[in-house]
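Dear colleague,

Please find below the structure that I am handing over to you. My findings follow directly after it.

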Amino acid sequence: MEKVNYQNFNESIYHELLDNGLNVYMIPKKDYHKTFVTFTTNYGSFDQSFIDPKTGKKVNQPAGIAHFLEHKMFSMPDKTDAFEMLSKLGVNANAYTSFDRTSYLFSGTNNVVAALDYLLHYVQTPYFTPSSVKKEQGIIDEELRMYQDYPSQRLFYGLLQNLYQKHPVNTEIGGTTESIKKITAKKLYQAYDAFYHPSNMVLVLVGNFEPEEMINVIKDNQAKKGYKVQSKIERFMPKEPKKIVESHSEIDMSVMMPKVGLGLKLVPGEGLEALKQDFALSILLDMYFSSSSKYYNDLLKEGLVNESFEYSTIQETNVLSIVFTSDTSNPKLLEERLSNMLLSLKRKKLNEQAFLRLKKTMMGQFIMSLNSLESISMSFSKYNGFGISIFDVPSLIEAITLDDLVVLSKQFNKKYLSSIYILPSKA
Amino acid sequence: MILIDQTKKFKTVLITLKFKAKASKDAFAFRTLLPSVLRAKTNLYRNRMAFNEKLEAMYGASLTSNTNKIGRLSVIHIQLKIASPSLTDDASFEEGLKFLKEYIYGHKTFSEADFELEKRLLLEEVISKENDKTRFALTRLFEVMCQDELYGYRTSGTKEDIENLDFKTFKSMYKAFLKKDELQVILSGDIKEEYKTLTNQYFPNASFNQSDFLDYETKTFDAISEVVEHDQISQTKLNIGYRLPVWNGQDLHIAALLFNAALGGYVHSRLFLNVREKHSLCYYISSVYDAYKGILFIYSGVDAKRVDLAKKVIDEEVLKMTTSLISEKELNLSKQAMINDLRESEDSQGARQNVLYVQALLDKKSTLEQRIAKIEAVTPKQIMEVAKLLKKDTVYLLDVER
């Protein structure tokens, strides 16, 4: 087992690549009670089109299948429910699907070895029948309907639909009422066989355990499974044009106050460059729109925004965007003011003092995030996807220069801006 | 009073101020608004921007606040979180204390414009919370069920309360707050000896008086109230409130916690398994027990077409708890889950602080091991005893427009 020490933080990471291709990472934290384990496949809602490793043929699958698969993983062939089984071991289990990953996780203070063994077991035991798929369609449809009642969810995806023509980021992770109807047991097996092979997965342990003991448990467990080597899966992502789809849209909903979303589409970099872009863009936004900024305080005084005002970057595979959202009594004026502020950044001489202060803030917030095993584990998987360790992040932040921000701001262009309003429906 | 949670486990230090006073409806709006008005301007930081810049310069320190009710107390929680001085800068602890002191006490004057701005923001926040229908439906349940009790009143005050709070009243209430509220300070993280001395210097006014703060207010009733309201939603919210006359610290308290856990507190609970999984009647269903007030409520999102069936199945599940003893095996699931939660909370700096604070309020110190032993000792008979005390009070339905 390979061990890397990060002295500044007083942390170590253990790594082992198993024969079947599974990558195992462990970060022991001796003074915690809890251990947090995530078993993650590099497969999310984006991955709808790929070459089936069994047949060598290209397949296209319905939107929402990754999330559907996640739900179905909990049903075991003996009619037991994996969720319940983990709960019986006294650990908290959960799972979630994002654009590019599906994670199965648990945290617990007791029975961690048994729970780990079981986690590997249930995720590696697919069991889908036509009748159980049908039942799940009902449950997921309810879940999707519930999200339809969330204005912020509608705002977010509505904006992404305005910005992205072809990229699957424009579809909800759970799919749509129509798309999930097309999911069958056969399609689930097809997706499962392709993406749940150990070589496409990562196991991360953070917390109170002995690394040597754990790696032996994991190796023994995996050795019995008899996985054959599988080569890297070829995936297809539609080529997204630079252009946006719509510069404006509106939705009527039962809200008390109108909501505005403003999005700006940018050209994404690749690999580590994409991550650097994301950091630089975040600092730039903080400089001009954080609670200490003149712009934000102007909008506040003008009565155009309130505490609901938020901004963020969206950085995903082949996606880079900026999104602003806020409740407001005057959607039109807010959109206009905010657009002008944002577009003015490319002509501005960026304030160096604010840049340095906000870099310090980003660093402090990174240190703070290391308190939580959950956030260590989640960030770990994210950064691991970029080929770096979570503890390399500070040096990456340190290396960001004001020029990196300038380069990004030059891309800001009115024709890549889109807005969306959610307006109170007239009863 | 200064409470200290000394530990090297975390990479942050928390300095928390708790201002406690007797809860009264007239002060809810003021107490919710206060923390925001205080950060709009101080003697030293002339506006919000300067104030927030200072936070950023302290390695992105975060200042959070909220006002809530604990039994009959109203507590304003103010928390400054800083990256551990050992990882950044040793002087940052004192810098944090100084900043907090300025934040609370550095107000020779207030600006009416700031006050009006913060008032508008709070009002808009209250309005926008109504967009969250799950939450809105719960607030409505409490308003209907406890309409003549303090509990039924919105802790942030109503929209009217906030609108009616004027600048002059605000200023005089601030003066009264300085005089009457009792301050407790909690320090957590790698707290060096000199930090305590410093805290005493900056907050010499910290004190503590013990009192019974539990909320015993209740009502007598024979019939169950049923209220149906409509909204443009696609999923019906079904909420049911019960009286459960068991309070924190009483003999059956831990049994009541376990009763709730077994009924609807976890995903292994009966409501989740039977209403959600077996009958696919809803997307979420959960029960919550408030031991400061002696009530329990079930909240769920159900398929609009099958509300009646959901009601029936829930009633059956609740009834079963009173007619047949829970097995040791099933009870054990809830015990394990609760013990796991207790241990896990030891890994959260914020949760540890809460435990410390609530223990001080209740004047009941106990170690983690003692708390675990109490959970282990609960019997199936006690669970049934609790179940028999449960009395259904109100059914509130936020229905789709039909």
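The side chains of A:Lys34 and B:Glu344 form a salt bridge in this predicted model, with 3.7 Å from N to O (a salt bridge is a side-chain nitrogen of Lys or Arg within 4 Å of a carboxyl oxygen of Asp or Glu). Between chain A and chain B there are five salt bridges. The two chains also share 27 residue pairs in polar contact, both residues being at pLDDT 80 or more. A polar contact is a pair of N or O atoms within 3.5 Å; within protein, one must be able to donate a hydrogen and the other to accept it, and residues adjacent in sequence count only if both atoms are side-chain atoms. On the side of chain A that touches chain B, H12(A) supplies the largest share, eight residues. (Helices are DSSP runs of H or I with at least four residues, and strands are runs of E with at least two, numbered from the N terminus.)

As for the extent of the interface, 60 residues of chain A and 56 residues of chain B take part in the contact, where contact means heavy atoms within 4.5 Å. About 5200 Å² is buried between the two chains, 53% of it on carbon and sulfur atoms; this buried area is the accessible area (1.4 Å probe) that two parts lose on being put together, summed over both. Of the area that chain A buries against chain B, A:Glu142, A:Met256 and A:Met368 supply 12%, more than any other three residues.

Within chain A, A:Asn20 sits in the loop between strands S2 (11–17) and S3 (23–28). Why does A:Asn20 count as buried? Its relative accessibility is 12%, and buried means under 20% relative accessible area, exposed over 50%, and partly exposed in between (1.4 Å probe, protein chains only). The side chain of A:Asn20 reaches the backbone nitrogen of A:Leu22 at 3.0 Å and makes a polar contact of 3.0 Å with the side chain of A:Gln222.

Regarding confidence, chain A has an average pLDDT of 94, and 100% of its residues score at least 70; pLDDT is the predictor's confidence in each residue, from 0 to 100.

On conventions, residues are numbered from 1 along each chain as its sequence is written, and chains are lettered from A and ligands numbered from 1 in the order in which they are written. As this is a predicted model, local features need pLDDT of at least 70 and side-chain atom pairs count only at pLDDT 80 or more, while totals for chains, interfaces and linings use all residues; side-chain values use heavy atoms, with hydrogens and water left out.
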